[in-house]
Amino acid sequence: MSALKLKVLIAGAGIAGPCFANWLAKTRLDTSITIVERSPSPRITGQSIDIRGPAVEIIKGMKLIEGVRSRHTTEEGTAFLNSSGKVFAQFNVGDSFTAEYEILRADLAGLFLEATEGLGNIQYIYGDSVKSLEQTNKDINVTFTGGSKDTFDLVVAADGSTSKTRSLILDDQVLKDTYNFLGQYTAFFSIPSRPTDPKLWQWYNASKGLGLMLRPHRNTSTMGAYLCITMPARGQRDPVVEDAMDKGTEDTKRMMHKYFENAGWEAKRILDGMDHAEDFYISRAAQVKLPKWTNERALVLGDAAFATFGVGTSLAIEISFTQKKFYSNYFIHFGVLI
Ligand SMILES: Cc1cc2nc3c(=O)[nH]c(=O)nc-3n(C[C@H](O)[C@H](O)[C@H](O)COP(=O)(O)OP(=O)(O)OC[C@H]3O[C@@H](n4cnc5c(N)ncnc54)[C@H](O)[C@@H]3O)c2cc1C
């Protein structure tokens, strides 16, 4: 093993950042890993995500599969409903959008945080971000938004699909046309559940591109609610939605009321619940596709590198694992034996 300590900075404590840190911290390399998160505290929120394909084996390798299983959301399938709540099509686990491993993003992020905090060579810094990077021929000088400076061997951007750190790593020409809005906005939040709610992903498509969904939580007091606005064309933006999102959560909730109040099915209940939801989160569905993920000693990972619709979390887990190979190449490239 190298006598050198590999000093790594990861921007973003979501899914990809901690997952990558976990694997890197367990290699034979002597590592010191800092994860800098813009939010002032851990963002342990988010609704159902599924873990599929190779990501399941990777979670097993992290010895977290029992943790995932015990936090299963209890969803048993997906049902499509009409405006009065009548089911017109229903699918079981595996035949539908409901996968074998369904877990709240909140729970998965919590599991990753817990697993990495216990490793000793990973430290988290909250409420800060990378302001600038300067690559030299032996390391990267980093200036943080909070004013401090430090030097790292490797910098990783794992700060989501709208990553700011990405543009400090890859130049404008590489990033040109790599973020493509898909023409859909989705708000996610928790609302109170009722004993009569089925353990199904209930999905109702209203008119004018509006979609409403309810999904079970493992606990018996809350459930996940989703409000989707789909534009007629890929890439098309709704100026009213954009304006509300720019202004913040309260304006966005007010806008949602106007859009969904007459949508039918459980619209009233969902909107009432939304008003009290503290975990309200809205995102633009986007595809991020970069021609390259690395630039010398810096790497882009997770949604920042390859956001896609529906399988973002599994992909983030898979690529975080496979990037270990990058590190072997990295050290060979810089002439250090591992
Ligand atoms: C709060 C939250 C809730 C989510 N809820 C859902 C959900 O319900 N369903 C779903 O399918 N997907 C959800 N997602 C997205 C999902 O987590 C990702 O699509 C996927 O897991 C890939 O993860 P990621 O780590 O690449 O990105 P993310 O999970 O988006 O994590 C990126 C992290 O980087 C942080 N960050 C942003 N900018 C900076 C910066 N400049 N410097 C440092 N840190 C920064 C963010 O605060 C975040 O913690 C959510 C994401 C977040 C942040």
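**Helix contacts, sheets and a cavity**

In helix H7, the residues Val-240, Val-241, Ala-244, Met-245 and Lys-247 meet Asp-251, Thr-252, Met-255 and Tyr-259 of helix H8, where contact means heavy atoms within 4.5 Å and where helices (H or I, at least four residues) and strands (E, at least two) are DSSP runs numbered from the N terminus. The model is a predicted one, in which local features need pLDDT of at least 70 and side-chain atom pairs count only at pLDDT 80 or more, while totals for chains, interfaces and linings use all residues. Residues are numbered from 1 along each chain as its sequence is written, and side-chain values use heavy atoms, with hydrogens and water left out.

The axes of H7 and H8 come within 7 Å of each other and cross at roughly 150 degrees, the axes being lines fitted to C-alpha atoms, for helices over the stretch in contact, and the angles running from 0 to 180 degrees between N-to-C directions. The two helices H7 and H8 are therefore roughly antiparallel to each other, a label used for angles over 145 degrees, whereas angles under 35 count as roughly parallel, 65 to 115 as roughly perpendicular and the rest as oblique. The residues of the contact of H7 with H8 divide into 6 nonpolar, 1 polar and 2 charged; here Ala, Val, Leu, Ile, Met, Phe, Trp, Tyr, Cys and Pro count as nonpolar, Asp, Glu, Lys and Arg as charged, and the others, Gly among them, as polar.

Helix H8 also meets helix H9 (residues 267-276), with axes that come within 10 Å and cross at roughly 175 degrees, which makes H8 roughly antiparallel to H9. Lys-253, Met-256, His-257 and Phe-260 are the residues of H8 that meet Ala-267, Leu-271, Met-274 and Asp-275 in H9, and the residues of this contact divide into 5 nonpolar, 1 polar and 2 charged.

What order do the 7 strands of the open sheet follow? They run S5-S4-S13-S14-S15-S12-S16, with mixed pairing, and two strands count as paired if DSSP finds at least two bridges between them. Strand S5 (87-92) and strand S16 (281-288) are the edge strands, each pairing on one side only, and neighbouring strands of this sheet are turned by 20 degrees against each other on average, direction ignored. Within this sheet order, strand S14 (residues 210-216) pairs with strand S15 (residues 222-230) in the antiparallel sense over 7 bridges, and Met-213 stands opposite Tyr-226 in S15.

Helix H7 (residues 239-247) lies across strand S12 (179-192), S15 and S16, running at about 120 degrees to S16. Helix H8 (residues 249-260) packs on the sheet as well, touching S12, S14, S15 and S16, and its direction makes about 75 degrees with that of S15.

A further open sheet, of 3 strands, has the order S8-S9-S10 with antiparallel pairing, and its edge strands are strand S8 (130-135) and strand S10 (149-152). Strand S9 (residues 140-144) pairs with S10 over 4 bridges, and Asn-141 stands opposite Thr-151 in S10.

About 50 Å³ of space lies in the largest cavity, where grid points are joined across faces, edges and corners and the volume is the space filled by probe spheres set on the points. Its lining includes Arg-43, Leu-113 and Tyr-124.

How values were computed
1 Å grid on protein atoms, 1.4 Å probe; cavity = no way out; pocket = protein on both sides within 12 Å on 5 of 7 lines; lining within 4 Å.
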